[in-house]
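Subject: Handover of a structural model

Dear colleague,

Please find the structure below for your own work. I would be grateful if you read the notes after it with the coordinates open.

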Amino acid sequence: MGRAAAARGHELTVVAPGERDGSRLQGGMKLVRYRAPAMPYDPTYRAAYRLDEMRRLVARERPHVLQISSPFAPALAASSMRDVPVRVYVHHSDPIGCYVRPVLRALPSSVGNCIERAAWSWHRRISRFCDATVVAGTWLETELSSWGCERVTSVAFGVDRSELGPERRDPELRARLLGPLADNPDALLVLIAGRLAVDKRQALSIQALQVVQRARPVALVVLGDGPERERLRQKARGLGHVTFLPFTRDRREFGGILASVDLLLHAARCETFGFVLAEALASGTPIVVPRAGGAAAMAHTDYAETYAAGADAEAVARAVHALALRPREAMARAAIRASAMLPSLEQHFDDLFAFYARLLASPVEQNVALQQQ
């Protein structure tokens with residue numbers, strides 16, 4: 001976003017928690033950090049609780065548009081910043097789906113429904129004091145609007161297709177990732193990619209592959225990092241061959257991995273878009289996903305198999321089996337066609353900055369009663 005802003009003549013400043021106070025230029029943007037403690041579960045995240053410091057730093061920068069990228073403390077801090085011409089909440093994560101609903105499944109439905117309604121009331125308040133709420137797709141616009149959120153607008157996320165495509169399929173890389181299974185024509189090479197955390201449910205995917213392995217050999221590639229890495233490594237023992245790789249910034253390497261596997265197995269129920277899913281499709285790689293959230297919106301029967309949001313490992317394994325039996329070439333062509341319907345990364349930022357320009361030209365009148373609180 002920083003590079004896109006600079007290329008279009010805008011100045012982007014990001015205010016975010018960090019290890020220490022300070023600012024620097026990075027990737028076309030000004031990155032302003034304020035000191036905050038590490039989160040206990042995942043120390044790569046910082047606890048953004050210093051409301052006054054957030055307000056002070058934003059006031060110092062005097063932005064024309066304040067983009068709120070978190071519904072937690074940053075949204076609370078922004079709710080009282082009345083001197084900013086335009087405030088926009090970008091709903092790029094789903095805290096209710098990721099953190100609230102999993103807990104509520106253990107409660108009686110009547111209690112769970114009350115708690116979920118209370119959680120949505122805060123999202124409605126954010127939408128009331130903002131000039132717009134931006135989401136990645138029409139399905140999410142429909143969901144937020146159905147819960148009473150106001151002025152919700154879809155600005156479709158884009159895909160960086162550079163270094164992606166079926167032509168990146170690399171037989172030598174595939175053989176390395178298959179390891180001792182490289183000479184077995186029945187071996188299935190599966191990719192799990194993303195932040196390795198409980199809400200992404202990679203443990204369920206590994207359990208499903210252990211079921212799949214009863215019928216055919218399985219090699220697994222886990223691409224990513226996070227607090228669950230070691231637990232997942234232990235859980236994956238016993239599969240035919242397992243390769244754990246850290247996140248990579250090398251797009252050519254990433255494209256080679258995506259194109260060389262047989263399928264991408266995904267388990268997160270609370271994606272708002274699903275970048276790795278879109279990138280897999282751009283690589284001609286079919287996907288197996290839950291029927292929930294952005295993963296379900298990304299899936300189509302031409303190149304995907306789906307399973308119920310609450311499915312167990314056996315049901316996920318059946319979906320993997322079903323996809324593995326289908327002709328890959330036809331699915332690859334369908335995946336490429338679907339990917340071509342998604343905007344490019346450049347188009348996304350063109351649309352986003354144009355939308356912000358329209359808001360600046362004609363700001364939405366705010367709720368007077370809320371402003372007086």
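**Overall form**

Please bear in mind that this is a predicted model. The chain contains 16 helices and 13 strands. Its radius of gyration is 22 Å, close to the 21 Å that the globule rule gives for 373 residues, so the chain is as compact as a globular protein of that length. Along the principal axes, the C-alpha atoms fill a box of roughly 70 × 50 × 40 Å. Buried residues make up 47% of the 373 residues. Among contacts with a separation of 6 or more, 61% are between residues 24 or more positions apart.

Two of the pairings may be described in detail. Strand 11 (residues 263–265) and strand 12 (residues 287–290) are parallel and pair over 2 bridges; here L264 has I287 of strand 12 as its bridge partner. Strand 8 and strand 9 also run parallel, joined by 6 bridges, and A193 stands opposite L223 in strand 9.

How many residues of strand 9 are buried? The count is 6 of its 6 residues. Both faces of strand 9 are covered, with V218, L220 and V222 buried on one side and A219, V221 and L223 buried on the other.

An open sheet of 3 strands has the order 1-3-2 with mixed pairing. Strand 1 (13–18) and strand 2 (22–26) form its edges, each pairing on one side only. Direction ignored, neighbouring strands of this sheet are turned by 25 degrees against each other on average. Strand 1 runs parallel to strand 3 (residues 29–35), and 6 bridges join them. Within this pair, A16 stands opposite R33 in strand 3. Helix 2 (residues 51–61) packs on the sheet, where it touches strand 1 and strand 3; its direction makes about 155 degrees with that of strand 3.

The buried residues of helix 15 are H348, F349, L352, F353, F355, Y356 and L359. Seen down the helix axis, these buried residues fall within an arc of 150 degrees, so they line one face of helix 15. The face turned away from the buried side carries the exposed residues R358 and A361. On the buried side, the packing partners are helix 1 (2–7), strand 4 (65–68), strand 5 (86–90), strand 6 (132–135) and strand 7 (152–154).

Helix 5 (residues 109–129) has 21 residues and reaches 31 Å from its first C-alpha to its last, close to the 30 Å expected at 1.5 Å a residue. In helix 5, the buried residues include G112, E116, W120, H123, I126, S127 and F129.

**Two residues with positive phi**

R151 is not a glycine, yet its phi is positive, at about 55 degrees. R151 belongs to the loop between helix 6 (138–146) and strand 7, and with a relative accessible area of 26% it is partly exposed.

R201 likewise has a positive phi, near 60 degrees, in a residue other than glycine. R201 is placed in the loop between strand 8 and helix 8. Is R201 buried or exposed? At 15% relative accessibility, R201 counts as buried, the cut-off being under 20%.

With kind regards

Key: Residues numbered from 1 in each chain as written. Predicted model: local features only at pLDDT ≥ 70, side-chain atom pairs only at ≥ 80, totals over all residues. Heavy atoms only, no water. Buried < 20%, exposed > 50% of the residue type's maximum accessible area, 1.4 Å probe, protein only. Helix = DSSP H or I, 4+ residues; strand = E, 2+ residues; numbered from the N terminus. Arc of directions from axis to C-beta. Contact = heavy atoms within 4.5 Å. Pairing = 2+ DSSP bridges. Rg over C-alpha atoms; globule rule 2.2 N^0.38 Å. Expected span 1.5 Å × (residues − 1). Axes fitted to C-alpha atoms, helices over the stretch in contact; angles between N-to-C directions.
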